[in-house]
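Hi everyone, thanks for coming. Let me put the sequence and the model up on the screen, and then we can walk through a couple of spots together.

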Amino acid sequence: MEQVTSADGTTIAYDRLGAGAPLILVAGASCDRQADAGLAASLSAHFTVFNYDRRGRGDSSDTQPFAVDREIEDIGALLGAAGAGALLVGLSSGAALAARAAAQLPVAGLVMWEPPFTVDDDGLAAARAYTAALTERLAAGDADGAFEAFLRRVGMPDEAIAGARQAPFWAGAVRLAPTLAYDDAALNGGPVPAEVFAGIAVPTVVLAGGASPDSLQAGARAAADAIPGASFAVLEGQTHDADPDALTAAIVPFAAQAAG
């Protein structure tokens, strides 16, 4: 494990794997860097991978008050360690954060995997309801309830949530629950932040899984449409929990193209 210090003094922990052009992996909601260890290992055959704990997770610290710009500064600190020409790869809600960073920081390119933006009225209403419930529960100090709200938001039924409560991962996920608000902020509360994405000027590809729900594919396509020159591709047979080697196989040729 290595560390960098962000602009506000927050310590950001990361693992450095492999050799080659630098690549920074940005995790999604309710994940620390261990959740993406398999993808980091696969990518490390082609890149120097920086797999980090976002602030408030794993071995990274946190500093209040939170703002999305603080997480962008965290990525900026990692760029200082990675050197010029780093590729950002964002996963799920981490793709929304990576895109916001790509609009501000000198990165070589951007890969977004299934950013869960919402594109229809029913979905936007559900996103607003989730934001309200999450805010209320976190304000009350109810991290358990906040994580439950997240699971409902991603479509987990009651019986599955009841089973998850008995699983070993539950306690760790509850500890990360305050950071769910960070992901919700990066996601703009649901809709694509078109005015931010219009400022992304680096090569970008947005990927979705062919076996993922239509809503995730639509959100990914909407993100691509909002970024000038971005391409969109479907990885057939993949779900939101994509096979690391399948993602790597899509990222490698894009990285070569982005490098010119």
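Here's one to start with: how many residues apart are Phe 147 and Phe 150 in helix 5, and what does that separation come to in helical turns? They are 3 residues apart, so about one helical turn lies between them. Please keep in mind that this is a predicted model.

Let's stay with those two. Phe 147 is buried, at a relative accessible area of 3%. Phe 150 also falls under the 20% cut-off for buried, with 15% relative accessibility.

Now for a partner further along the chain. The ring centres of Phe 147 and Phe 169 sit 6.5 Å apart with their planes at 80°, so this pair is edge-to-face. Phe 147 belongs to helix 5 (residues 143-153), while Phe 169 is in helix 7 (residues 169-176), so the contact ties together parts 22 residues apart in sequence. Phe 169 itself is partly exposed, at 44% relative accessibility.

Stepping back, the whole structure has 6 aromatic pairs. Phe 147 with Phe 150 is a stacked pair, because the planes are at 25°, with centres 6.2 Å apart. Ring pairs join Phe 147, Phe 150, Phe 169 and Trp 170 into a cluster.

Before I hand over, a quick look at helix 2. This helix covers residues 68-82, and its 15 residues reach 21 Å from first C-alpha to last, close to the expected 21 Å. Its buried residues include Val 68, Ile 72, Ile 75 and Leu 79. Just past the end of helix 2, Gly 83 adopts a positive phi of about 90°.

That's my tour, and I'm happy to chat.

Notes:
Residues are numbered from 1 along each chain as its sequence is written. This is a predicted model: local features need pLDDT of at least 70, side-chain atom pairs count only at pLDDT 80 or more; totals for chains, interfaces and linings use all residues. Side-chain values use heavy atoms; hydrogens and water are left out. Helices (H or I, at least four residues) and strands (E, at least two) are DSSP runs, numbered from the N terminus. The expected span of a helix is 1.5 Å times one less than its number of residues. Buried means under 20% relative accessible area, exposed over 50%, partly exposed in between (1.4 Å probe, protein chains only). Rings of Phe, Tyr and Trp (its six-membered ring) pair if their centres lie within 6.5 Å; planes under 30 degrees apart count as stacked, over 60 as edge-to-face and the rest as tilted.
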